[in-house]
Amino acid sequence: MELRRLAFAAAFIAAAGFLSPAVASAQTATVPDFTQLGFSMVAASTNLAAGAGGSLHFGSITVQIPQGAFTDPVTFDLLQGPVSNFQSAAPSGENVVTDFALRVLDTKTQQPVSTFLKPVMVTVTQNDISSSSMYDNVTQTGRIVANPVAATINGDVLTHPITADLVGWVVLSPSSAVPAVPDFTQHGFPNVVATTDLAAGAAGSVQYGGISINIPQGTFSQAVKFQLLHGPVKTLQSAAPAGQTVETDFALRVINPGTGQLIGAFLKPVTATITQNGIGTASMYDNVTPMGMIVPNPMPATIKGDVLTHPITAAAVGWVVLSQAPTVPAATTPTTGVPVLPIVGIGAALIVAGVVLVRHARKA
């Protein structure tokens, strides 16, 4: 009898030991991980000592953290996703102009922090924010619901206090109020990577990395500030078609320095030249809408070797270059990264071994 108990116990404990990683990986934390709920990019991060204050900034969003918000040291992350992740859930007639979520980890206990001892303050500054904009919550199921506390809006600056990170947030503006010429620093391309000042009718160029924009004479009838914008590739990857990798991305912003207004249409096309070793004959040159959606460009690009060229006649969309994603053989599942079937098989084999020992004990 004692041998039987020991055999069962050994088989069960061994099997449970092998299976526990798979079980643990499937558990759901009390505080949601919004990187899995549409806010896939860690846009900014800071480490704070116990009780310390600080701030984070990305694109149009700034988060101020007061002293005393946390008693333990924490890692504080600002998360963001393509606005296209949330547009389908927005009320009719409203555009999602930006989105964000927060993730706070207590580095002492390694546990997520759900509520703050003092409210942090978010500030969003965008030219498509107005007095008719709304600051709403994004639930864990992806629904957009009204925030019970109205945001403070002064001109194109919105502020709101945050006391917990159990929801995400979107800023909505009426479709009719969104400017005709989008400012793509507020729509996924926050980094101004190159700038040139051009006199009326003058030619010029901007370059960054493998991207070059050539501006011919007569493109603009007035003096302009011409900027090349770039966004984190991983922000746009989640919007890419299945099986496609975003090789690079860019957008343009052209400003009339006399009025501060954005210029959308060009009198002559500028030429984008992109040189990158990931580019090939199967690569695609697609548009990125202000809502963060990747859609086909109606005019195919010219590709020679690893060099892609395309004319641009307006700054109404951004652009991505896509290539076929490489196939990784025998990859683990993206959900858990744990090869569950081999573990289950080993556990089952150990249980069978225990049964065999029990039968042997009975015969003995």
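**Close-up views of strands, cores and side-chain contacts**

**View 1. T123 stands opposite T159, a residue of β11.** The two strands concerned are β7 (residues 115-125) and β11 (residues 157-164), which pair in the antiparallel sense over seven bridges; strands here are DSSP runs of E with at least two residues, helices are runs of H or I with at least four residues, and both are numbered from the N terminus. Two strands are taken to pair if DSSP finds at least two bridges between them. The model shown in every view is predicted, and for this reason local features need pLDDT of at least 70 and side-chain atom pairs count only at pLDDT 80 or more, whereas totals for chains, interfaces and linings use all residues. Residues are numbered from 1 along each chain as its sequence is written, and side-chain values use heavy atoms, with hydrogens and water left out. In the protein as a whole, the secondary structure comes to four helices and 23 strands.

**View 2. The hairpin of β10 and β11 has two residues between its strands, and G155 takes a positive phi near 65° there.** Strand β10 (residues 152-154) runs antiparallel to β11 and is joined to it by three bridges. T159 of β11 is the bridge partner of T152, and T159 is also the residue that T123 stands opposite. A positive phi of about 60° is found at Q110 too, although Q110 is not a glycine; this residue lies in the loop between β5 (94-106) and β6 (111-112).

View 3. The side chain of N147 makes a polar contact of 3.4 Å with the side chain of H160, and one of its polar atoms lies 2.9 Å from the backbone nitrogen of V149. A polar contact is a pair of N or O atoms within 3.5 Å; within protein, one atom must be able to donate a hydrogen and the other to accept it, and residues adjacent in sequence count only if both atoms are side-chain atoms. Apart from its neighbours within four places in sequence, N147 is in contact (heavy atoms within 4.5 Å) with Y135, D136, N137, H160 and W169.

**View 4. V63 and L102 have the most contacts inside the largest nonpolar core, a set of 29 residues.** Such a core consists of buried Ala, Val, Leu, Ile, Met, Phe, Trp, Tyr and Cys residues joined through side-chain atoms within 4.5 Å. The elements that give two or more residues to this core are β1 (41-48), β2 (54-58), β3 (61-65), β4 (74-80), β5, β7, β11 and β12 (168-174). With its neighbours within four places in sequence left aside, V63 has contacts that include L56, F76, L78, L102 and V120.

**View 5. Five strands form an open sheet in the order β14-β15-β18-β22-β21, with antiparallel pairing.** The edges are taken by β14 (204-208) and β21 (302-304), and because each has a single partner strand, one side of each is left without a neighbour in the sheet. From one strand to the next, the twist averages 20°, with axes fitted as lines to C-alpha atoms (for helices over the stretch in contact) and angles running from 0 to 180 degrees between N-to-C directions. Between β14 and strand β15 (residues 211-215) there are five bridges in the antiparallel sense, and S205 stands opposite N214 of β15.

**View 6. F34, F39 and F86 form one aromatic cluster.** F34 and F39 make an edge-to-face pair, with 5.8 Å from centre to centre and 80° between the planes, and both residues are buried. Rings of Phe, Tyr and Trp (its six-membered ring) pair if their centres lie within 6.5 Å; planes under 30 degrees apart count as stacked, over 60 as edge-to-face and the rest as tilted. Over the whole structure, a search finds 13 aromatic pairs.

Key
Buried < 20%, exposed > 50% of the residue type's maximum accessible area, 1.4 Å probe, protein only.
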